Amino acid sequence: MASNLAWEIVDGLTTEVGPRLAGTEADHRAVEWAKRQLETLSFDKVWLERIEFPVWTRHHESAGVVSPFPQKLHITALGYSGSTQGEVTADVAGFASLEALQDAPLEQVKDKIVFINHFTERTRTGSGYSDSVKVRYEAGLIAEEKGAIAVMIRSIGTDSHRFPHTGVSTLAKEPLPAVALSAPDADQLARIMARSEAVKISLNVKIDYREAGHSWNVIAQVNGRETPEKLVLVGAHLDSWDLGTGALDDGAGVAITTAAAHLIGELPRKPRSSIRLVLFGNEEAGLWGAKQYVTANADTLRNHIYASESDFGAGAIWRFDTDNPVLMDTAMPVLEALGIEKGEAASSGGPDIVPLEEKGVRIFRLRQEGSDYFDYHHTADDTLDKIDPEQLKQNVAAWAVVTYLAAEIDE
């Protein structure tokens, strides 16, 4: 709790690099920045692991109501959206849910701009996002099948600000233009549609897409004292969307796990097994770094004892989840002093951990308070001022305790 390293890391990353859209020059600068930082800390080895993926970038996005009540709408393009090839104008077909769009007859959708006004519930655990995110993934594909010319969704967020939330949609060969409306703009459009049976929207989206892009997973390791070939993997993702500075998503996670691993590396007695820190590349557009990590390390996955990721902002940790009673009982006396309660078997280790979990790697979870996380997630408002330095320290302390013990306990 005395260490200020996590704040220094997230401050430096968001100030000296800023937004880090995967595969762009800024993302490559972030990789160089992270590697330099790790080389100054207490790791035995630091290295890069190249990953490859398509690169999507935005250039222009605008929208407005043409009739009956002309006005601007605040939008942002979704990842893997297509371009409109100039401004297009069309009637709007509105739906309350993805299922309603799925059930709609073709003539209700064909040659129109689809608008889905699905609301996201505010929850402590982020379950409202989990329930809503399929709208972002699937709306474009369904709308395209029914002959729509574009799709607009209510932002997958819980705020009432005029900041639209971006995020990845499904990668398709010929994707529709796909955008998110800010919540107030979605409400405004719904009110306009309630007053008129015929509402026309203009939309102008320009993006670039190239098949061959790359970045790197940035990896560092504290070698274990007895069984260094076995390891506990902790990490976060280094990339971010391009609207904010990626402070909560996931600069905070980078800072938390890096600082925790560094503190373990400074101990005079290292844990029995190794600690591997992985700052994954291109999580945002489809877990590209995580999937390629599993492929590149297939021969040693059996030596991964545990894996977990910090990718839910910087709110205080309130619960520890594990299926290992020995780890739970050993950690809880320390975690209770940090205000953390005993949980249950972990349901997830974080997005980048999914490919590892699918290969049988055991997971744990340090659950953070996330009631306001989706107010800022994937928006221009994801900036450093949203992070509380004291809550960040509590995260580091909890991660240091659990990561050390996971690598120390001999079951």
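Trainee: At 1.5 Å a residue, what should the 12 residues of helix H9 (residues 325–336) span, and how far apart are its end C-alpha atoms?

Mentor: This is a predicted model, in which local features need pLDDT of at least 70 and side-chain atom pairs count only at pLDDT 80 or more, while totals for chains, interfaces and linings use all residues. Residues are numbered from 1 along each chain as its sequence is written, and side-chain values use heavy atoms, with hydrogens and water left out.

The 12 residues of H9 should span 16 Å, and its end C-alpha atoms are 16 Å apart, which agrees. The expected span is 1.5 Å times one less than the number of residues. Helices (H or I, at least four residues) and strands (E, at least two) are DSSP runs, numbered from the N terminus.

At the N-terminal end, Asn324 caps H9, with a side-chain oxygen 2.9 Å from the backbone nitrogen of Val326. Leu327, Met328, Ala331, Met332 and Leu335 are the buried residues of the helix; buried means under 20% relative accessible area, exposed over 50%, and partly exposed in between (1.4 Å probe, protein chains only). Seen down the axis of H9, these buried residues fall within an arc of 120°, so they line one face of the helix. The arc is taken from the directions that run from the helix axis to the C-beta atoms. An α-helix has 3.6 residues a turn, so residues three or four places apart point the same way. On the other side of H9, Asp329 and Pro333 are exposed.

Next, the surroundings. The cover over the buried residues of H9 includes strands S11 (304–309), S12 (317–321) and S13 (341–342), together with helix H12 (389–408).

In H12 sits Asn395, which counts as buried at 0% relative accessibility. Its side chain joins that of Gln368 in a polar contact of 3.0 Å; the term means N or O atoms within 3.5 Å, where within protein one must be able to donate a hydrogen and the other to accept it, and residues adjacent in sequence count only if both atoms are side-chain atoms. Leaving out residues up to four places away in sequence, Asn395 touches Ile256, Ala314, Gly315, Ala316, Ile317 and Gln368, contact being heavy atoms within 4.5 Å.

S12 holds Asp321, which pairs with Arg367 of strand S15 (residues 365–368), 46 residues apart. The structure holds 22 salt bridges. Among the residues they join, Arg225, Glu226, Arg272 and Glu408 are linked in a network.

Note on methods. Salt bridge = Lys/Arg side-chain N within 4 Å of Asp/Glu carboxyl O.
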